[in-house]
Number of protein chains: 2
Amino acid sequence: MEQNIYGRPYVQTTDGPRFRPCAPHSVLARLGDKWTILVMSHLAVADGYRLRFSGLKNGIEGITQRMLTLTLRNLERDGLVKRYYYPEVPPRVEYELTEMGASMLPALEGFTSWIRENWPRIEECRKAFDEAAA
Amino acid sequence: MEQNIYGRPYVQTTDGPRFRPCAPHSVLARLGDKWTILVMSHLAVADGYRLRFSGLKNGIEGITQRMLTLTLRNLERDGLVKRYYYPEVPPRVEYELTEMGASMLPALEGFTSWIRENWPRIEECRKAFDEAAA
DNA sequence: CCGAATCCCCAAAGATACTG
DNA sequence: CAGTATCTTTGGGGATTCGG
């Protein structure tokens with residue numbers, strides 16, 4: 001019999017709950033990759049949640065054309081971003097957060113604000129841990 | 001001059017804000033790795049936020065000894081989990097969420113609850129996108 | 001301007017075997 | 001029981017080139 005704890009499916013065993021890898025992970029894994037959060041953040045603060053490809057590229061230090069394309073494809077696939085193609089010369093492509101994409105922002109902000117508050121402490125811990133290891 | 005949007009440092013340019021890879025990413029990257037969320041979730045529902053190594057291992061389907069060790073080391077290094085070693089025979093080791101680790105749970109829950117609500121829609125979008133690609 | 005195609009590298013992660 | 005030590009595989013991600 002399957003239940004949920006913290007949105008995570010598990011089966012109850014004699015030893016306690018047993019979790020399995022599951023759906024939420026595939027979303028967190030995406031957000032955890034190298035560029036996704038930066039792209040989302042950038043769209044989040046843009047007019048109409050919308051920017052063209054080159055705007056994103058210029059706005060994110062160090063990202064390559066290839067990685068930006070891949071990141072946007074994945075976001076588009078998940079329905080978080082919509083792609084608008086204008087067949088002009090030279091071509092113009094814009095990306096906009098979908099309604100679902102925008103609806104994620106508060107949760108994202110909740111998380112990043114926790115990180116912001118705790119980051120100094122985390123850095124201290126890492127430093128202490130690394131020193132103790134030596 | 002450097003400011004913050006959504007907890008993310010950026011510099012203002014003539015083209016608009018320009019973000020740089022930054023601290024919060026290193027935390028999200030950790031959470032996005034394969035096992036971290038499962039370990040955190042498991043501790044989150046345990047008595048006293050505390051479990052022994054074997055309890056975690058049995059509670060997480062598919063995790064290997066090696067990966068559990070690595071995941072716990074990283075969490076310990078960040079100060080999110082504390083390790084208690086009891087030199088008995090056979091040895092016993094317990095892991096407990098620290099205060100900081102526990103303080104992350106609401107933000108985590110906020111995020112996973114967004115995912116839970118939107119997951120069906122995301123799956124639809126992925127399916128539609130993949131079919132359109134063919 | 002946007003992005004697909006190729007090639008390459010390295011770190012994450014799995015399998016397995018061994019130890020205090 | 002709770003790890004380490006090795007070896008191997010996988011795939012994320014960078015650099016570069018070409019094309020519509």
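User: Which element gives the most to the surface near DNA strand D?

Analyst: α4(B) gives the most, with four residues. Helices are DSSP runs of H or I with at least four residues, strands are runs of E with at least two, and both are numbered from the N terminus. The model is predicted, with pLDDT of at least 70 needed for local features and 80 or more for side-chain atom pairs, while totals for chains, interfaces and linings use all residues; side-chain values use heavy atoms, leaving out hydrogens and water. Residues are numbered from 1 along each chain as its sequence is written, and chains are lettered from A and ligands numbered from 1 in the order written.

User: What makes the pair of A:W35 and DNA strand D a polar contact?

Analyst: A polar side-chain atom of A:W35 lies 3.1 Å from a phosphate oxygen of DNA strand D. A polar contact is a pair of N or O atoms within 3.5 Å; within protein, one must be able to donate a hydrogen and the other to accept it, and residues adjacent in sequence count only if both atoms are side-chain atoms. The 3.1 Å falls within that limit, so the pair counts. A:R66 has a polar side-chain atom 3.1 Å from a base nitrogen.

User: Why is A:R126 called buried?

Analyst: Its relative accessibility is 14%. Buried means under 20%, exposed over 50%, and partly exposed in between, using a 1.4 Å probe and protein chains only. At 14%, A:R126 is therefore buried. The residue is found in helix α6 (residues 105–133) of chain A. Setting aside neighbours within four places in sequence, A:R126 touches A:W119, B:S26, B:R77 and B:D78, where contact means heavy atoms within 4.5 Å.

User: How do you know that A:R126 and B:D78 form a salt bridge?

Analyst: Their closest N and O atoms are 2.6 Å apart. The rule asks for a side-chain nitrogen of Lys or Arg within 4 Å of a carboxyl oxygen of Asp or Glu, so the pair passes. Across the interface of chain B and chain A, the rule finds four salt bridges. Eight residue pairs are in polar contact between the two chains, both residues at pLDDT 80 or more.

User: How much area do chain B and chain A bury between them?

Analyst: About 6,000 Å², 68% of it on carbon and sulfur atoms. Buried area is the accessible area (1.4 Å probe) that two parts lose on being put together, summed over both. Each side gives 59 residues to the contact.

User: What makes the salt bridge of B:E96 and B:R50 a tie between parts of chain B?

Analyst: The side chains meet at 2.5 Å, N to O. B:E96 lies in strand β6 (residues 92–97) and B:R50 in strand β4 (residues 50–52), so the bridge ties parts 46 residues apart in sequence. B:R50 is partly exposed, at 23% relative accessibility.

User: Why does A:Y49 stand out?

Analyst: A:Y49 has a positive phi of about 50° although it is not a glycine. Most residues other than glycine have a negative phi, and most peptide bonds are trans. A:Y49 lies in the loop between α2 (36–44) and β4 (50–52) of chain A. B:Y49 also has a positive phi, about 55°.

User: Which peptide bond at A:P90 is cis?

Analyst: The bond from A:V89 to A:P90, with omega near -5°. A:P90 sits in the loop between β5 (81–86) and β6 (92–97) of chain A. In chain B, a cis bond joins B:V89 and B:P90, with omega about -5°.
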